[in-house]
Amino acid sequence: MGSGPVKPVSNVKPSHYARPGAINAPRPALTRQPTAEERRRAQRVLLRMPVLAHIAGNPKPVDGFTHTVSATGAMIILPEGLAQGTKFTLENPRTQQKVEVNVVRPPQLNQEGSLFPIEFLSPAPLFWNIVFPPNSN
């Protein structure tokens with residue numbers, strides 16, 4: 001008989017779309033996407049407290065309150081929403097501190113008013129009179 005290697009007989013042909021060597025190649029480990037909380041720049045804290053919004057063209061400040069707060073801004077609720085990109089002065093009536101803010105996204109209407117995120121235009125980590133833990137991200 002022959003002294004060469006014996007080739008197994010098979011009627012199955014690999015798909016012509018398969019890459020050579022891809023059939024038995026190990027698959028890369030699947031990595032999960034980070035959660036919204038992990039992507040945030042700062043930790044949010046659930047805190048309901050009054051705020052005053054000083055809006056250009058409004059002779060009187062608008063009363064509102066916070067939904068959540070962070071070292072870089074908040075989710076606030078006002079009687080009426082403000083357009084994304086609107087800048088105004090937010091006041092903490094408990095401390096009488098004021099900070100310039102920017103509306104990050106369009107408001108969402110809920111039973112209490114318009115809920116929308118704002119961010120501080122300059123760092124104000126003590127605006128809420130809360131000490132936030134260091135950012136771990």
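The following legends describe close-up views of a predicted model. Local features require pLDDT of at least 70, side-chain atom pairs count only at pLDDT 80 or more, and totals for chains, interfaces and linings use all residues. Residues are numbered from 1 along each chain as its sequence is written, and side-chain values use heavy atoms, with hydrogens and water left out.

View 1. Strand β8 spans residues 113-120; strands are DSSP runs of E with at least two residues, numbered from the N terminus. Of the 8 residues in β8, 7 are buried, a term that denotes under 20% relative accessible area, computed with a 1.4 Å probe on protein chains only. Two strands are taken to pair if DSSP finds at least two bridges between them. Strand β4 (residues 73-78) runs antiparallel to β8 and is joined to it by 6 bridges, with M75 opposite P117 of β8. Strand β6 (residues 97-103) is likewise antiparallel to β8, through 3 bridges; here V101 has F120 as its bridge partner in β8.

**View 2. The β7-β8 hairpin.** Strand β7 (residues 108-110) pairs with β8 in the antiparallel sense over 3 bridges. The two strands form a hairpin with 2 residues between them. Within this pairing, Q108 of the model stands opposite L115 in β8.

View 3. Strand β5 (residues 87-92) is mostly covered, 5 of its 6 residues being buried. Strand β2 (residues 50-54) pairs with β5 in the antiparallel sense over 3 bridges, and L52 has E91 in β5 as its bridge partner.

View 4. The whole structure contains 3 aromatic pairs, where rings of Phe, Tyr and Trp (its six-membered ring) pair if their centres lie within 6.5 Å, with planes under 30 degrees apart counted as stacked, over 60 as edge-to-face and the rest as tilted. The ring centres of F127 and W128 are 4.8 Å apart and their planes stand at 80°, so this pair is edge-to-face. F127 is buried at 2% relative accessible area, and W128 is also buried, with 2% relative accessibility. Ring pairs link these two residues and F120 into a cluster.

**View 5. R48 over the ring of F65.** The charged end of R48 sits over the ring of F65, 3.7 Å from the ring centre. This assignment requires NZ of Lys or CZ of Arg within 6 Å of the ring centre and within 35 degrees of the ring normal.

Methods: Buried means under 20% relative accessible area, exposed over 50%, partly exposed in between (1.4 Å probe, protein chains only). Helices (H or I, at least four residues) and strands (E, at least two) are DSSP runs, numbered from the N terminus.
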